[in-house]
Amino acid sequence: MQCTQVKSKSNDSRGPAYAGSASCVSCHKDLTESAVHNSHFKASKMLTEPGSADSLHIPDGEFVFNEQTKVQVKNRADGLYQSALINGADKKTEHTDMIFGAGNSAYTFAFWYGKQLMQMPLNYLTKEHQWVNSPGFPDNQIYFGRPIVSRCLECHSSFADKKLVQGPNFSITEEYVKNSIIAGIDCERCHGPAAQHVNFHQQNPTVKTANFMVSYKKLALTRRVDVCGVCHSGTAIRTVNSTFGFKPGDTLTTLPQYSAYRGEDPDVHGKQKQLLEASKCYKIGKAECITCHDVHENNKLNAAIYSVKCISCHQEVKHETLKEKNKAILAKNCIDCHMPIKESHDIGFQMSNSKEKVPYSIRTHRIAIYNDLVKNK
């Protein structure tokens, strides 16, 4: 395919080195059209227009703390709202301005408070079709007071420009430049700034070898995994400079307080890189993120498809300890035994009209033989 001869003039908030993902379409149409439907691209979304949330099919709802205290969720003509009701009276109502999460498991909601983004009281669990109290919020009162800090946006968006503002008693507050936020994970968040690449290939459409871009395939294994790990290593990363500046070829070991795998048991939420590093498939087999995941495709793959990827390396595997009648089934589902769903110790959700906290469950990325599961067979 020849590139369309349109000079790249980007107003990307990251600066002139960035072309903007729209510029990728003319040469990489199939990849970009697929990528806009996957979980990375949908990691967050700005709700700037009425009806912006319609495609997410988020229902009205209510969360009950007690008979006197409730949170109500309403879809109105101009957007999605959450309201604090005390003894039936509306004490506070906020419009949803941003949504976090691809919706595979849950959505988190935010509203603008001046130039700060604040987390709304309720999350929505998409599989359970339930409204729940946001993780870490008080279990007996409605809370609109948690700021969504830039560290959150560093994994759920492609860019956000912030200013540090001094508050009372020597406190420091983060304020965002509102029109700077690039929601979702776009092409250049993973591939690096592309303006020079785009301009070169627009001027030289017959050149098929990529110029002025880091070749992911030519990177060392550890640095390929680091490209994913910048977001999939949990929240332990604390840096003087934002991780928005991380580019393919950089290494996470240069980031202060980055917690690589050290033999501990990482939480299943957000620490996929450390869990993979604990796996023999990585340490011996050199398996990496893209061994199983096509990051340009929709990420909702079933057990049978993932099992084909397992069997491509483990063709001679035998399950001597298991009953013969189970072997045909197991050949189509490796991951439930070797990457089981586990409960997070970091995140739990409070259910409506209850003090009960339900843990967040997610599939572990530590590929291993789990003896407790084998015994249960």
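Predicted model: local features only at pLDDT ≥ 70, side-chain atom pairs only at ≥ 80, totals over all residues.
**Overall composition**

The protein chain comprises 377 residues, of which 42% count as buried. Its secondary structure consists of 12 helices and 17 strands. When contacts between residues at least 6 apart in sequence are considered, 56% join residues at least 24 apart. The chain exposes about 21,200 Å², and carbon and sulfur atoms supply 53% of that area.

**Salt bridges**

Side chains of opposite charge can pair when their charged atoms come close. In this model the count comes to 11 salt bridges. Three of them are set out below.

| Glu 174 | Lys 162 | 3.1 Å |

The side chains of Glu 174 and Lys 162 meet in a salt bridge. Glu 174 belongs to strand 14 (residues 172-176) and Lys 162 to strand 13 (residues 162-166), so the pair ties together parts that are 12 residues apart in sequence. Lys 162 is partly exposed, at a relative accessible area of 32%.

Glu 277 and Lys 273 lie together in helix 6 (residues 272-277), four residues apart, or about one turn of the helix. Glu 277 has a relative accessible area of 12% and is therefore buried, and Lys 273 counts as buried at 6%. Elsewhere, salt bridges that share partners join Asp 12, Arg 14, Asp 186 and Glu 188 into one network.

**Surface patch and a loop residue**

A patch of positive charge on the surface gathers Lys 280, Lys 283, Lys 342 and Arg 366. Lys 280 lies in helix 7 (residues 280-283). With a relative accessible area of 61%, Lys 280 is exposed.

Val 149 is found in the loop between strand 11 (146-147) and helix 2 (150-156). Its relative accessible area of 37% makes Val 149 partly exposed. Beyond its neighbours within four places in sequence, Val 149 is in contact with Glu 174 and Tyr 176. Val 149 and Leu 117 are 32 residues apart in sequence, and their C-alpha atoms are 7.6 Å apart in space.

Methods. Residues numbered from 1 in each chain as written. Heavy atoms only, no water. Patch = residues over 30% accessible without salt bridge, like charges linked within 9 Å, V, L, I, M, F, W, Y side chains within 5 Å. Areas by Shrake-Rupley, 256 points an atom, 1.4 Å probe, with all protein chains shown as cover. Salt bridge = Lys/Arg side-chain N within 4 Å of Asp/Glu carboxyl O. Lys, Arg positive; Asp, Glu negative; His and termini not counted. Charge placed at Lys NZ, Arg CZ, Asp CG, Glu CD. Helix = DSSP H or I, 4+ residues; strand = E, 2+ residues; numbered from the N terminus. Buried < 20%, exposed > 50% of the residue type's maximum accessible area, 1.4 Å probe, protein only. Contact = heavy atoms within 4.5 Å.
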